[in-house]
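User: Please take me through the structure shown below, one question at a time.

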Amino acid sequence: SKCESSRSSGRPTKLSPRAPAHPRAMVRALRVGLLAAVAGTAALGESVSASANPIRRVVSMLQMMQEKVTAEGKKEEDLFDKFMCYCTRGAGDLTASISAAETKISQDTSSLETAEASKKQLDEELAAHKSDREEAKKALAEATALREKEAAV
């Protein structure tokens with residue numbers, strides 16, 4: 001699937017005279033140069049019939065180079081379109097991911113505070129139960145000692 005806006009956004013409007021800003025411009029410039037070279041060598045080949053074989057090899061070599069450059073240009077164009085899709089969609093996905101993470105952070109912070117409060121309450125209850133247990137042991141020991149004393153009398 002291609003992005004709808006990949007062909008109209010993100011491309012420079014002014015081209016530098018030294019370096020094309022986009023692979024398509026480079027491919028077009030190379031095509032024009034190759035076509036001019038092919039046309040020139042074809043005209044030269046017609047005028048020199050005795051040495052047509054080396055010229056024909058040059059022409060076929062230039063045609064193969066043209067096909068290769070065209071294929072590379074198509075490949076680079078597809079990669080550029082995919083990159084533009086990533087650029088346009090990636091920002092939205094990243095923003096959504098950040099907001100989801102911020103929401104999760106606030107939820108985790110509140111659950112952590114709740115867990116800490118619960119732990120503090122349980123620690124206090126444990127301390128109270130331990131002191132109650134010690135008091136119960138003392139009371140049991142006193143009651144046992146009192147019974148033994150009453151039984152001895």
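**Exposure, salt bridges and a surface patch**

User: Is Asp108 buried, partly exposed or exposed at 38% relative accessibility?

Analyst: This is a predicted model, in which local features need pLDDT of at least 70 and side-chain atom pairs count only at pLDDT 80 or more, while totals for chains, interfaces and linings use all residues. Residues are numbered from 1 along each chain as its sequence is written, and side-chain values use heavy atoms, with hydrogens and water left out. Buried means under 20% relative accessible area, exposed over 50%, and partly exposed in between (1.4 Å probe, protein chains only). Because its relative accessibility is 38%, Asp108 counts as partly exposed.

User: Which residue forms a salt bridge with Asp108?

Analyst: A salt bridge is a side-chain nitrogen of Lys or Arg within 4 Å of a carboxyl oxygen of Asp or Glu. For Asp108 the closest N and O atoms of the pair are 3.3 Å apart. The partner is Lys104.

User: Which helix holds both Asp78 and Lys74?

Analyst: Helices (H or I, at least four residues) and strands (E, at least two) are DSSP runs, numbered from the N terminus. Asp78 and Lys74 form a salt bridge, with their closest N and O atoms 3.3 Å apart. Asp78 is partly exposed because its relative accessible area is 28%, and Lys74 is likewise partly exposed at 45%. The two residues are 4 residues apart, about one turn, in helix H2.

User: What is the N to O distance in the salt bridge between Asp123 and Lys119?

Analyst: Both residues lie in helix H2, 4 residues apart, about one turn of the helix. Asp123 is partly exposed, with a relative accessible area of 39%, whereas Lys119 counts as exposed at 51% relative accessibility. Their side chains meet in a salt bridge, and the N to O distance is 3.0 Å.

User: How many salt bridges does the structure hold?

Analyst: The pairs include Asp78 with Lys74, Lys104 with Asp108, and Asp123 with Lys119. The number of salt bridges in the structure is 3.

User: What accessible area do Val58, Met61, Met64 and Met65 have together?

Analyst: Patches are made of residues with over 30% relative accessible area and no salt bridge, like charges being joined within 9 Å and nonpolar side chains (Val, Leu, Ile, Met, Phe, Trp, Tyr) within 5 Å. Accessible areas come from the Shrake-Rupley method with a 1.4 Å probe; for residues, only the protein chains shown count as cover. Met64, in helix H2 (residues 52-152), counts as exposed because its relative accessibility is 54%. The four residues form a nonpolar surface patch with an accessible area together of about 370 Å².
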